[in-house]
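User: I have a structure open and some questions about it. Can we go through a few parts of it?
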Amino acid sequence: MNGRQVRTRFKGAALAVAGLLALTACGDTAAKGAGTGESDKAASATRSVEHDAGTAEKVPARPQRIVSVSVTMTGHLLALDAPVIASQATPPSVITDKQGFFTQWSDAAAENSVKVAYQGFEPDVEKVLALKPDLIIGASSGAENAEKFYDKLSVVAPTLLYRHDDVSWQDLTARLGKDLGLEKRATEVVAAHEKRVGEVKAAITVPKQSAALVRDNQSAMTVFTPESAQGRLLTSLGFTVLEPPAGKGRTQGGRSDFAEFSQEKVADTAKDSSLLFVSHTPEEIAAATARPVWKELPAVEDKRVYDLGLDTFRLDYYSAGNLIDKIEKAFG
C-alpha cells in the first residue's frame, strides 16, 4: 500500500470516528433535552415588565438572584418567598435589628440568608454589581427612591422600581407576584391576611369616634390619610379614619399617604377622635399627649390613646400582622 492509499484510508477512518462521536453527542443532547429542556427554557425565559420608572427588558421569568435596593420593598419580597440574596439596610435604630433590617421581617431575612448589600439610602452600584444579581428591585418613592440611579442599576441587571406610598401593601404584593411569576404565593399571602382581618373584625368593639392616625414630630404632627396603607387597614377592621386637616400640609417627596401639619391644626381637627399613634415608643406617646395642645383633648382625658407599634410606619405582610395584633389586644 503506497503512502497516498494510507493517507486516504486514515482520513476515511477519522471521518467515520468523527461521525460516530457527533451522533453520540447528538444522542446525549437529545436524552438530556428530554429531561431538562422545558425547565431550562423556562429558567432562561425573559419578558418585558412595566414598572413605576418605565419598562424593563429581559426580566427573567424566574429570577434566581434578586438584590433589593429598598429596605421597604424587601419585606414584600420576603413574604412572597422571592429569591432575595441581599438588601439595602438603613442605619440601625429602634425599628431595625443591628444590621439595619426592619424588625418585622429581620427573622425571615436571617432564615433566608439575606445579606446586607450596603447601608444607606443611595444605592451603592459597585456593591450591587459584586453580588451578581439577575434582577434588581427598588422603590420610586420614599427615602430610598432609586429613580435617579435607575440607568446605572439597569446596566448591572434588569431593574424594577415601585411606588409604595399610594397603594395598599396587598395591591403591591399582587403586582410583585405578577411581575416575578409568583402569583400563587401572592394570592396565598393576601388571602391569609384577609382571613385574619375578618376574624379580628368580628372579635373587636370599634369606638364610635373616628380614629386619628398620627405621628408626633415634636414641632408638628403627621396625619395619615384614609387612603394610606395604615388607613386602609383600619378601615377594613371597621374604623372610620379621620381625614387630614383642611388645606395642604407639608409632604415628603410628593407622598400622598400622609402630610404634616401644625400641632394646633391637628388637635383642632381631631376634636373627639381617638388617637392612634404610628411608630412611637410608649414614652414618646406620653410626652406628646402631655403637651398643652393635646392633654385636654377628650381622647387623652378618656384614655382613648393607642400605640400601634414601632413597625407601623411602613406596612407589609409582617408589620400589618403586628398592627392587627395590637388592635385585637386594644379593642378585643
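Analyst: A term to start with: a residue is called buried when its relative accessible area is under 20%. Also, this is a predicted model.

User: Okay. Which residues of helix 2 are buried?

Analyst: The buried residues there are V71, T72, M73, T74, G75, H76, L77, L78 and A79. That is nine of the nine residues of helix 2, so the helix is largely enclosed by the rest of the structure.

User: What comes just after helix 2?

Analyst: D81, which has a positive phi of about 60 degrees.

User: Switching to H51. Where is it, and is it buried or exposed?

Analyst: H51 lies in strand 1, which covers residues 46-51. H51 counts as buried because its relative accessibility is 7%, and the cut-off is under 20%.

User: What does the H51 side chain make a polar contact with?

Analyst: With the side chain of Y150, at 3.1 Å. Leaving out residues up to four places away in sequence, H51 touches A56, Y150, T159, L160, L161, Y162 and R175.

User: New topic: how do helix 6 and helix 7 pack?

Analyst: Their axes are 7 Å apart, at an angle of about 165 degrees. Angles over 145 degrees count as roughly antiparallel, and therefore helix 6 and helix 7 are roughly antiparallel to each other. Their crossing is left-handed.

User: Which residues meet there?

Analyst: From helix 6, W169, Q170, T173, A174, G177 and K178; from helix 7, E183, A186, V189, V190, H193 and E194. Of the residues in this contact, five are nonpolar, four polar and three charged.

Conventions. Residues are numbered from 1 along each chain as its sequence is written. This is a predicted model: local features need pLDDT of at least 70, side-chain atom pairs count only at pLDDT 80 or more; totals for chains, interfaces and linings use all residues. Side-chain values use heavy atoms; hydrogens and water are left out. Helices (H or I, at least four residues) and strands (E, at least two) are DSSP runs, numbered from the N terminus. Buried means under 20% relative accessible area, exposed over 50%, partly exposed in between (1.4 Å probe, protein chains only). A polar contact is a pair of N or O atoms within 3.5 Å; within protein, one must be able to donate a hydrogen and the other to accept it, and residues adjacent in sequence count only if both atoms are side-chain atoms. Contact means heavy atoms within 4.5 Å. Axes are lines fitted to C-alpha atoms, for helices over the stretch in contact, and angles run from 0 to 180 degrees between N-to-C directions. Angles under 35 degrees count as roughly parallel, over 145 as roughly antiparallel, 65 to 115 as roughly perpendicular and the rest as oblique. A crossing is left-handed if the near helix is turned anticlockwise from the far one by less than a right angle, and right-handed if clockwise. Ala, Val, Leu, Ile, Met, Phe, Trp, Tyr, Cys and Pro count as nonpolar, Asp, Glu, Lys and Arg as charged, and the others, Gly among them, as polar.
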